[in-house]
Amino acid sequence: MPRETTPALLIAALPLLLLAAAAPSTPLQDPEGNAGQQHAEEETKLAQQMLLIEDAVKKLRRSLRKEEQRDDSLALTVQMQAAALACKAETPTLLTSLGEEERVIQKNAYRLEMLGFLEQALLLERALLEGDQERAREIFAGLRDTEDPGHERFTAGG
Ligand code: HEM
């Protein structure tokens, strides 16, 4: 009977509804959640955060030329800081094949590198807030220079 069936169905579905509510939200770009799963196999969390750094760096290269784009530069700098903070907590894939002792040493070195990157990204924010555009550009140049040595040391591609 319809009057009985509907509440019974709702009660039966309740655990499922609760599970759905407790599950982490699906990213907007990926309503089905499939791409995320496929991506996770191909791309490490570190690589994903590195891509965010790359995106910010590309845009900062242009925005830092113009003082009137300071707000954009600040937002991109914060994006870069957040990504660098996330990177710092990760382990480069290359290190996972090392023996325990060497891995600990290399991970410490990697973490120090990312910490240095983050420190410079914070100083970039300071320079922007203090209105010192020239200093901001200097710091940015230094940040870009970390890429090649960082990749030579900590990625398989070098
Ligand atoms: C401006 C600075 C940097 C930029 C723009 C940058 C960008 C990138 C990009 C685009 C990738 C490839 C992501 C993919 O696989 O699709 C990557 C990977 C990687 N980067 Fe950077 N990077 C920078 C600095 C650094 C530094 C300083 C380090 C080390 C301290 C580093 C360590 C790595 C590692 C280890 C990977 C491989 C990810 C993995 O092991 O899973 N990067 N980076």
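1. **The ligand shell by class.** This is a predicted model, and I started with the surroundings of the ligand. By class, the shell holds 13 nonpolar residues, six polar ones and five charged ones. Of the 24 residues around the ligand, those that come nearest are Thr 44, Met 50, Pro 92, Glu 113 and Gly 150.

2. **Which helices build the shell.** Four helices each give at least two residues to the shell around the ligand: α3 (45-63), α5 (100-129), α6 (133-144) and α7 (147-154). The largest share, seven residues, belongs to α3.

3. **Confidence.** The average pLDDT of the chain is 85, and 74% of the residues score at least 70. The stretch to keep an eye on is residues 23-40, where the pLDDT is below 50. Beyond near neighbours in sequence, this stretch has five contacts in the model.

4. **Overall make-up.** The chain has seven helices and zero strands, so the order of elements from the N terminus on reads α-α-α-α-α-α-α. Of its 158 residues, 18% count as buried. Among contacts between residues at least 6 apart in sequence, 59% join residues at least 24 apart.

5. **Helix α3, length and buried face.** Does the length of α3 agree or disagree with its residue count? The 19 residues of α3 should span 27 Å at 1.5 Å a residue, and the end C-alpha atoms are 27 Å apart, which agrees. The buried residues of α3 are Leu 46, Gln 49, Met 50, Ile 53, Ala 56 and Leu 60. Seen down the axis, these buried residues fall within an arc of 120°, so they line one face of α3.

6. Glu 54 and Ala 83 are 29 residues apart in sequence, while their C-alpha atoms are 9.9 Å apart in space.

7. **Helix α6.** Ala 136, Ile 139, Phe 140 and Leu 143 are the buried residues of α6. They cover an arc of only 105° around the axis, which puts them on the same side of α6. These buried residues pack against α3 and α5, whereas the face turned away from the buried side carries the exposed residues Glu 134 and Ala 141.

8. **Asp 72 in α4.** Asp 72 lies in helix α4 (residues 70-88). With 15 other C-beta atoms within 10 Å, Asp 72 is partly exposed. From C-alpha to C-alpha, Asp 72 and Lys 59 are 8.9 Å apart in space, and they are 13 residues apart in sequence.

9. Where does Thr 91 lie? Thr 91 is in the loop between α4 and α5. Thr 91 counts as partly exposed, with 16 C-beta neighbours inside 10 Å. Not counting residues up to four places away in sequence, Thr 91 touches Thr 96 and Lys 107. Thr 91 and Arg 111 are 20 residues apart in sequence and 8.6 Å apart in space, C-alpha to C-alpha. Arg 111 itself lies in α5 and is partly exposed, with 15 other C-beta atoms within 10 Å. The C-alpha atoms of Arg 111 and Ala 89 are separated by 7.5 Å, and these two residues are 22 apart along the chain.

Methods:
Residues are numbered from 1 along each chain as its sequence is written. This is a predicted model: local features need pLDDT of at least 70, side-chain atom pairs count only at pLDDT 80 or more; totals for chains, interfaces and linings use all residues. A residue is near a molecule or strand if its C-beta atom, placed from the backbone, lies within 6 Å of it. Ala, Val, Leu, Ile, Met, Phe, Trp, Tyr, Cys and Pro count as nonpolar, Asp, Glu, Lys and Arg as charged, and the others, Gly among them, as polar. pLDDT is the predictor's confidence in each residue, from 0 to 100. Two residues are in contact if their C-beta atoms, placed from the backbone, lie within 7 Å. A residue is buried if 20 or more other C-beta atoms lie within 10 Å of its own, exposed if 12 or fewer, and partly exposed in between; C-beta atoms are placed from the backbone. The arc is that of the directions from the helix axis to the C-beta atoms. The expected span of a helix is 1.5 Å times one less than its number of residues.
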